[in-house]
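Here are some notes to read alongside the model. Please keep the structure open while you go through them.

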Amino acid sequence: MAFAESQNPLRVHRIPQSRYIDAVRWLSPVSPADRFAAIAYFDADTNSPSIEIAFVDPNPQSSSPTLTPQSSWTSPSRISSLKTAHSTPQPLLAAATFSGSLHILASDLINGGVMESEATVSELGFHSGPVSAVDLREGGTECVSVGEDGRVNLVSFVGDSSKLSYRRIFDANGLVGYTAVKWASPSEFATGGYGFGIQWWDQRTPGGPVLQFKGNWCQGKTSGIVHSIDIHPSRKHTCLAGGSSGTVFAWDRRAAQQPIVLSGAGTGEAPNSLLSESEVWEVQYDRYTRRSNISNISSTRILPVMICSEDGILAVIEQGEEPLELLAEPCAINSFDIDQQNPSNVICSLEWESLAILTRS
């Protein structure tokens, strides 16, 4: 398919690593000049998973950014999901594992990025099998976890993050599996799973999801999986999702069961552009936009979206326009993160044991 050409200079720097990278997240800076990232590694030679805090210098004297490790934490199992809460000077991280545990980590960025394990939920029954996804509420007071076992858990920090308690929001007993989750408000969150379905939950209404979006719109591709969800703070009525077969779509909760397909599987009414033919691993609203005022965009229009995929595509999709390709790698791009403080900076992990840092100017 055709791709739009970037009108702005794009600098891409690849930093080889000696281990596989499962996830990468920017951390909120303590000063405009300091940038830190949390990186989930897996060493296949020693079967050792870990999370490192690294100092990222995007504009050193040399021509390429530098990555300087600050601290490390060894995980009991490989990381399946990594999220951060943007609170300074000690940003919290939620790390979920393939063994079914959840770990809350704190990093003191003022004192060299020292990272400590604050609390752990690992008892039998929390999840049966891997934790598919977690999300930390802004402020770091609650974390929601989901799994293919059909369990939805809410983990609360009582007083401080060293005292955790959790309660089961829902248990589908394996009849339904969940693969993605995202907070929408202090009491609401969305989950995604098989069949391109999305569920909307409200803690004020217990017993199950209060609204569901069924995936019977996608031309029989009911085996599709939602891998990632994002919700823009100014558009909480819209859930953005990315998943199987290059599919990226949005669900406006005001429009019942009609999706807004940005790429991939269509509704059968008209062909849709196919940005990628493989799994879309992550989607995020792209806050770096040429529009001077985001409030000028109609509430019915989907805001610009960044995606990464199994076939090595990192791109920006804007409704009604050609996709803007940022990277086309010969390997998968497993995860990425847009710097919330400076959206021109993007960090992503490549399948072939490398990090890429992009700077849009």
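This is a predicted model: local features need pLDDT of at least 70, side-chain atom pairs count only at pLDDT 80 or more; totals for chains, interfaces and linings use all residues.

1. Start at S245, which has a relative accessible area of 30%. Buried requires under 20% and exposed over 50%, so S245 counts as partly exposed. S245 sits in the loop between strand 19 (238-243) and strand 20 (248-252).

2. The backbone at S245. Check phi here. The angle is near 55 degrees, a positive value in a residue other than glycine. Most residues other than glycine have a negative phi.

3. N47. Phi of N47 is also positive, near 55 degrees, and N47 is not a glycine. Look for N47 in the loop that links strand 3 (36-43) and strand 4 (48-57). Is N47 buried or exposed? Its relative accessibility is 57%, so N47 counts as exposed.

4. K83, a buried lysine. K83 belongs to strand 6 (residues 79-85). Its relative accessibility is 18%. The limit for buried is under 20%, so K83 counts as buried.

5. What surrounds K83. Which backbone oxygen lies 3.4 Å from a polar atom of the K83 side chain? That oxygen belongs to V134. V134 is also on the list of residues that K83 touches, leaving aside those up to four places away in sequence.

6. Strand 24, an enclosed strand. Strand 24 covers residues 313-317. Of its 5 residues, 5 are buried, so the strand is largely enclosed by the rest of the structure. Both faces are covered. I313, A315 and I317 lie on one side, with L314 and V316 on the other.

7. Strand 24 and strand 23. Strand 23 (residues 305-309) pairs with strand 24 in the antiparallel sense, over 4 bridges.

8. Strand 24 and strand 25. How many bridges join strand 24 to strand 25? There are 4, and strand 25 (residues 324-328) runs antiparallel to strand 24. Here L314 has L327 as its bridge partner. Strands 24 and 25 form a hairpin with 6 residues between them. In that turn, G320 has a positive phi of about 85 degrees.

Conventions
Residues are numbered from 1 along each chain as its sequence is written. Side-chain values use heavy atoms; hydrogens and water are left out. Buried means under 20% relative accessible area, exposed over 50%, partly exposed in between (1.4 Å probe, protein chains only). Helices (H or I, at least four residues) and strands (E, at least two) are DSSP runs, numbered from the N terminus. Two strands pair if DSSP finds at least two bridges between them. A polar contact is a pair of N or O atoms within 3.5 Å; within protein, one must be able to donate a hydrogen and the other to accept it, and residues adjacent in sequence count only if both atoms are side-chain atoms. Contact means heavy atoms within 4.5 Å.
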